[in-house]
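Please open the structure in your viewer and keep the selection panel at hand.

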There are 2 protein chains.
Amino acid sequence: MDHTRWLDDHEQETWRAFLTANRLLFERVERQLQNEARMPHAYYEILVRLSEAPDRTLRMSRLADTSLSSRSRLSHAVARLEQAGWVERTACETDRRGAWARLTDAGQAALEAAAPGHVETVRSVLFDALTPAQVTALNEISVALVDHLVDAPVWPAENDRDCPEAG
Amino acid sequence: MDHTRWLDDHEQETWRAFLTANRLLFERVERQLQNEARMPHAYYEILVRLSEAPDRTLRMSRLADTSLSSRSRLSHAVARLEQAGWVERTACETDRRGAWARLTDAGQAALEAAAPGHVETVRSVLFDALTPAQVTALNEISVALVDHLVDAPVWPAENDRDCPEAG
DNA sequence: TCACTATAGTTGAGCACTCAAGATCAGAGG
DNA sequence: CCTCTGATCTTGAGTGCTCAACTATAGTGA
């Protein structure tokens with residue numbers, strides 16, 4: 001009983017090209033940041049989200065959401081960033097379980113130092129390769145994917161543990 | 001002197017949507033394979049490449065290229081896959097530096113067991129979200145990116161160490 | 001007041017990856 | 001033959017991630 005909806009040739013080709021493009025692209029981005037700014041891309045994003053927040057401060061949980069990070073991952077990351085002197089954690093007074101993360105001046109400086117090289121890399125690996133129409137298409141495709149993936153069930157089949165409305 | 005070609009709003013939005021879509025998408029793919037087949041996506045790809053090769057056998061270096069893996073990464077990965085009994089390494093007789101990697105019957109079986117769930121996931125996270133026109137557009141965009149990134153200089157600026165023709 | 005449940009965040013173990021360095025061998029040139 | 005360059009593949013250390021388990025506090029309802 002093979003109900004699998006296999007990929008046809010066109011889909012297969014698309015998936016592999018998509019995979020390859022992604023690997024190559026993010027490898028470049030990651031390497032550039034690691035070499036010139038001594039931080040992985042995930043950390044860069046955390047610094048960006050903090051820099052955009054009022055008082056450069058966010059609750060850990062909000063920061064996790066906006067930087068597309070799991071709680072655990074963020075905890076580990078912020079521990080490292082704190083060690084580097086780029087972020088500070090302070091206790092939250094209204095909710096004593098919580099914690100604030102604040103971007104320090106040193107962190108802001110590190111971000112500003114890293115930004116030009118990073119942006120240049122993003123442009124050179126992505127936008128320089130595409131026509132304006134393709135950029136627009138990529139935008140629409142990405143938005144469609146995000147809409148489709150956000151809040152969608154993580155496990156299409158199986159794993160409907162204690163979710164009565166599943167299935 | 002700020003020559004940085006910053007991203008305009010449209011580019012910024014596109015980049016962030018692209019990033020978000022990628023994170024969400026590959027997180028699903030990775031999780032599904034890890035949970036249902038006990039292997040990361042990179043290992044799955046290695047098994048696929050081997051399964052498509054004559055005699056299910058490839059030189060390590062070719063396997064590294066086709067699976068978009070660094071030599072080091074492949075060495076570590078194949079060591080693990082060998083431990084699992086899914087791949088075998090044998091010495092190459094014509095080039096005694098080299099090594100062959102062969103997909104075992106157990107490896108083929110593991111791959112066949114993993115494939116339906118993986119393909120179903122790929123379909124559900126990617127193709128189900130897109131119109132046929134968008135799939136075609138994504139294909140063209142991906143191919144353009146791959147063409148642009150393959151054999152392009154890794155470090156646009158700097159790092160022209162011993163490459164006399166750089167610059 | 002007293003559970004009970006949910007939320008916020010951390011921690012440690014295990015694993016995959018990167019980087020740099022090394023061991024081994026092939027091929028080319030003197 | 002012998003050296004030199006380059007290719008093949010491996011190894012070990014360091015790092016960031018995931019997962020599961022944990023602590024601590026908030027909120028809810030009897």
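How many nonpolar, polar and charged residues does the surface near DNA strand C have? By class, there are 5 nonpolar, 8 polar and 10 charged residues; Ala, Val, Leu, Ile, Met, Phe, Trp, Tyr, Cys and Pro count as nonpolar, Asp, Glu, Lys and Arg as charged, and the others, Gly among them, as polar.

The model is predicted: local features need pLDDT of at least 70, side-chain atom pairs count only at pLDDT 80 or more, and totals for chains, interfaces and linings use all residues. Residues are numbered from 1 along each chain as its sequence is written, chains are lettered from A and ligands numbered from 1 in the order in which they are written, and side-chain values use heavy atoms, with hydrogens and water left out.

Select DNA strand C, which 23 residues surround (near means a heavy atom within 4 Å). Among the closest are A:Arg89, A:Arg97 and B:Ser72.

Next, select A:Arg59, where a polar side-chain atom lies 3.1 Å from a phosphate oxygen of DNA strand C. At A:Ala99, a backbone N or O atom lies 2.8 Å from a phosphate oxygen of this DNA strand.

Now move to the open sheet of chain B, with 3 strands in the order 1-3-2 and antiparallel pairing (strands are DSSP runs of E, at least two residues, numbered from the N terminus; a pair needs at least two DSSP bridges). Strand 1 (57–59) and strand 2 (87–91) of chain B each have a single partner strand, so one side of each is left without a neighbour in the sheet. Finally, select B:Leu58, which stands opposite B:Ala101 in strand 3 of chain B.

How values were computed
A polar contact is a pair of N or O atoms within 3.5 Å; within protein, one must be able to donate a hydrogen and the other to accept it, and residues adjacent in sequence count only if both atoms are side-chain atoms. Helices (H or I, at least four residues) and strands (E, at least two) are DSSP runs, numbered from the N terminus.
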